[in-house]
Amino acid sequence: MPSQPSTTSSTSSAAAAAFEYAPAPESRAVVDIRSSYGLFVDGAFSAASDDGSFKTVNPATEEVLAEVAEATEADVDRAVRAARRAQDKVWGPMPGRERAKYLFRIARLLAERSREFAVLETLDNGKPIRESRDVDVPTAAAHFFYYAGWADKLEHAGYGADPRPHGVAAQVIPWNFPLLMLAWKIAPALATGNTVVLKPAETTPLTALLFADVLRQAELPPGVVNIVTGAGATGAALVGHPGIDKVAFTGSTAVGKRIAREIAGSRKHATLELGGKAANIVFDDAPIDQAVEGIVNGIFFNQGQVCCAGSRLLVQETIAEELVERLKSRLGTLRVGDPMDKNTDVGAINSSQQLARITELTEAGVAEGATRWSPACDLPSSGYWFAPTLFTGVSAAHRIAREEIFGPVLSVLTFRTPAEAVAKANNTPYGLSAGIWTEKGSRILWMADRLRAGVVWSNTFNRFDPTSPFGGYKESGYGREGGRHGLASYLIEGSTY
Amino acid sequence: MSTTATGLSDRSPADVAESARSVTGSTSLDDAAWRRFLHGLPGVDRVGADGRAAMLGTRSIKTTAKAWALDTIVRMVDLTTLEGADTPGKVRSLAAKAVRPEPNDASCPSAAAVCVYNDLVPVAVEALAGTGVKVAAVATAFPSGRASRAVRLADTREAVDAGADEIDMVIDRGAFLSGRYEQVYDDIVAVRAQCRAGGRHAHLKVILETGELATYDNVRRASWLAMLAGADFIKTSTGKVSPAATLPVTVVMLEAVRDFRAQTGVQVGVKPAGGIRTSKDAIKYLVAVNEVAGPDWLDPDWFRFGASSLLNDVLMQRNKLATGAYWGPDYVTVD
């Protein structure tokens with residue numbers, strides 16, 4: 001597309017005077033944030049054994065939201081014991097149809113309290129309220145609804161006539177989708193009869209702690225779900241605890257590898273959902289306007305802090321220039337700022353550490369010779385912010401084309417043939433997701449057969465559905481979450497006939 | 001009128017034809033050439049287009065932005081009556097409402113135009129003389145367009161001769177759907193010539209009747225065909241076919257006018273018509289204009305609403321915003 005002609009109508013400037021969206025902030029009054037939170041163990045909140053705590057802040061303002069207890073090894077031990085008791089005495093023996101009732105109740109409570117959860121998620125995480133309201137919270141409720149339906153049908157799931165739970169699951173989740181990742185982990189675990197000790201990320205513990213209140217409302221028996229807050233040491237204590245039967249981790253590949261080494265040779269089963277460097281592949285016959293939207297959604301959704309983000313744009317050379325121009329004008333309309341404003345498209349980066357990493361990798365991109373571009377946007381003066389960024393002239397050898405940035409930074413590369421697109425897309429240690437944009441159905445199938453990625457989206461990106469399995473190839477991890485496949489990670493195949 | 005309301009110099013028929021040849025890359029402009037060009041336009045993925053429209057619909061327009069939007073919507077309304085039962089009295093009453101939609105509030109702007117059938121143009125012209133509110137006439141055997149070209153051109157000529165400022169023509173959907181693109185193009189060119197005949201200059205709005213074109217690919221193709229034939233506006237619907245205007249269809253057309261200006265330098269307006277009844281819906285369209293085509297289109301010269309009941313809802317919302325209380329429907333006139 002040629003650039004806009006400079007001489008447009010004389011009325012244009014007058015008309016352009018106009019449509020400034022007034023601030024439309026969501027009210028934070030819908031949620032009560034307590035000044036401090038304890039650990040949720042055996043159905044009750046309690047302080048850490050050494051009274052230790054840490055602060056969680058609103059990344060958009062750096063305001064301290066609450067003090068949260070930091071679980072020690074002793075606390076983790078108490079939580080694991082409570083989970084074991086609940087598994088032995090209550091949850092394990094309970095018929096699936098009864099477990100389902102609790103899950104349905106939790107799903108309904110999440111839906112009923114969705115506004116509260118959305119506001120709290122946005123305050124604690126920095127993501128736009130539009131996303132927490134329209135994606136995170138409804139999808140989390142949908143996961144509970146979906147797995148509630150499986151709880152009494154496990155013998156028909158394809159894992160033998162009498163599949164059994166592992167026992168106690170240690171679940172460590174990341175900060176990018178705090179409540180949604182909690183749902184991905186807890187819903188299948190409970191449906192299959194496991195009990196849970198969950199550790200939310202240290203920068204985003206609040207929705208998990210509010211979730212404890214949902215469990216209280218649902219009258220879930222004590223000890224079935226325990227929530228221990230803390231940082232890396234708490235997570236390590238949990239994963240390393242000898243009373244754990246199964247580990248489910250979502251987070252960085254580095255930590256995932258450490259966990260795999262740690263539990264090697266033990267009886268613990270594990271599923272790991274790790275990093276990604278997904279290719280979003282656009283052919284010259286793609287539906288171009290929708291492809292632009294898909295690219296934007298692929299990398300700027302949740303500020304790009306998404307393990308399956310489409311961070312490498314592979315575009316066919318014939319339309320590369322035109323597509324980049326269109327992408328730039330679209331980025332110019334992204335609304336960056338206050339995450340609580342209902343019209344915000346791009347919010348705050350979750351933490352100063354993450355901001356530092358994004359900044360470091362972006363600077364490496366410039367140093368290696370790629371061309372950096374961002375739309376004009378005013379970033380707030382406090383909080384952690386990074387403007388949507390696009391790199392052109394990226395070579396496959398650049399760090400920004402190889403390493404997971406986990407931020408709103410898109411690297412644009414080109415290809416000439418479908419085979420080259422596949423080769424470049426697969427040329428990464430990761431393999432979590434990929435996107436294909438073309439109007440040619442046969443090519444979509446041909447590509448999908450060859451892409452080494454756990455999820456392949458065609459003519460869309462970043463779509464999540466509880467019925468669909470999600471997980472990685474290669475260093476993006478192993479095991480699947482979601483769908484019937486997500487049950488497998490929490491079951492031991494049974495052979496009683 | 002010898003120039004458009006925007007003061008833009010008009011494209012001559014030769015310019016239009018030259019631009020069509022250059023954009024399509026064909027000197028012949030026959031069906032084959034049109035098919036090559038129109039079917040070579042990028043496709044529209046329905047799921048993605050619907051998703052984009054739905055996302056734009058979530059924008060929250062409040063306080064000052066809402067006040068601006070409501071006034072802008074009033075200024076963009078083509079207040080329409082297209083009934084078999086229309087009378088001069090009804091048209092005069094509609095004209096009065098278009099000029100002063102809110103008689104007790106001088107700050108309330110006038111509507112853009114009054115849109116009527118051909119035979120009532122003289123009544124509307126008389127009622128609106130000197131007010132700045134335009135007279136739009138539906139012509140070309142509206143709404144089906146099923147008449148010979150001669151009849152459709154005569155229909156147009158009559159409306160223009162009677163003083164219509166704007167002509168809302170329909171395309172021959174049968175011809176379009178059977179791939180006779182040259183015929184559709186020639187029709188539009190011929191109607192446009194009637195709009196410009198005898199030193200007159202009536203604005204030409206080309207109604208695609210997107211409800212009958214069915215696919216978004218067809219909407220995009222028909223938009224380009226109409227723009228290349230010299231349309232001043234492209235318009236979704238007659239209002240006589242369901243579905244009439246939808247937000248995703250309008251988004252596809254806004255993308256078309258945006259791309260057309262980028263390629264040719266010529267700006268074309270967009271008019272969704274039919275089915276937009278509430279302020280809330282209309283504001284979603286304004287958001288789409290703002291974010292898809294851009295602020296240059298946020299003006300009655302470039303964006304219109306074809307509507308009859310929308311205006312009353314906007315007036316009630318306007319009052320609510322000003323006073324904090326809703327009017328009952330008895331406080332706005334039924335026509």
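**View 1. A:Phe249 and its bridge partner in S11(A).** The bridge partner of A:Phe249 in S11(A) is A:Leu272. This is a predicted model, in which local features need pLDDT of at least 70 and side-chain atom pairs count only at pLDDT 80 or more, while totals for chains, interfaces and linings use all residues. Residues are numbered from 1 along each chain as its sequence is written, and chains are lettered from A and ligands numbered from 1 in the order in which they are written. Strand S10 (residues 246-250) of chain A runs parallel to S11(A), with five bridges between them. Helices (H or I, at least four residues) and strands (E, at least two) are DSSP runs, numbered from the N terminus; two strands pair if DSSP finds at least two bridges between them. Together with helix H9 (residues 253-263) of chain A, S10(A) and S11(A) make a right-handed β-α-β unit. Right-handed means that, with the strands pointing away from the viewer, the path from the first strand over the helix to the second runs clockwise.

**View 2. Surroundings of S11(A).** Strand S11 (residues 269-273) of chain A has four of its five residues buried, so it is largely enclosed by the rest of the structure. A residue is buried if 20 or more other C-beta atoms, placed from the backbone, lie within 10 Å of its own, exposed if 12 or fewer, and partly exposed in between. S11(A) also pairs in the antiparallel sense with strand S19 (residues 477-478) of chain A, over two bridges. There, A:Glu273 has A:Gly477 of S19(A) as its bridge partner.

**View 3. An open sheet of three strands in chain A.** The strand order is S1-S5-S4 and the pairing is mixed. Strand S1 (36-37) and strand S4 (53-58) of chain A are the edge strands, each pairing on one side only. Six bridges join S4(A) to strand S5 (residues 63-69) of chain A in the antiparallel sense. Among the paired residues, A:Lys55 has A:Glu67 in S5(A) as its bridge partner.

**View 4. A:Asn280 in strand S12 (residues 279-282) of chain A.** A:Asn280 is buried, with 28 other C-beta atoms within 10 Å. Leaving aside neighbours within four places in sequence, its contacts include A:Ile295, A:Arg312, A:Leu314 and A:Phe461. Two residues are in contact if their C-beta atoms, placed from the backbone, lie within 7 Å.

**View 5. Domain 1 and domain 2 of chain A.** The domain assignment gives domain 1 (28-274 + 476-492) and domain 2 (279-465) of chain A; such bounds come from an automatic or database domain assignment. Their centres, taken over C-alpha atoms, are separated by 29 Å. The contact takes 19 residues from domain 1 and 25 residues from domain 2. On the domain 1 side, helix H4 (114-125) and helix H5 (129-150) of chain A are the elements that give two or more residues. H5(A) gives the most, with four residues.

**View 6. Strand S1 (residues 77-80) of chain B, covered on both faces.** B:Val77 and B:Leu79 on one side and B:Asp78 and B:Thr80 on the other are all buried. S1(B) pairs in the parallel sense with strand S8 (residues 305-307) of chain B over three bridges, and B:Leu79 has B:Ala307 in S8(B) as its bridge partner. Three bridges also join S1(B) to strand S2 (residues 113-117) of chain B, running parallel. In S2(B), B:Val114 stands opposite B:Leu79. Helix H5 (residues 88-99) of chain B carries the chain from S1(B) to S2(B) in a right-handed β-α-β crossover.
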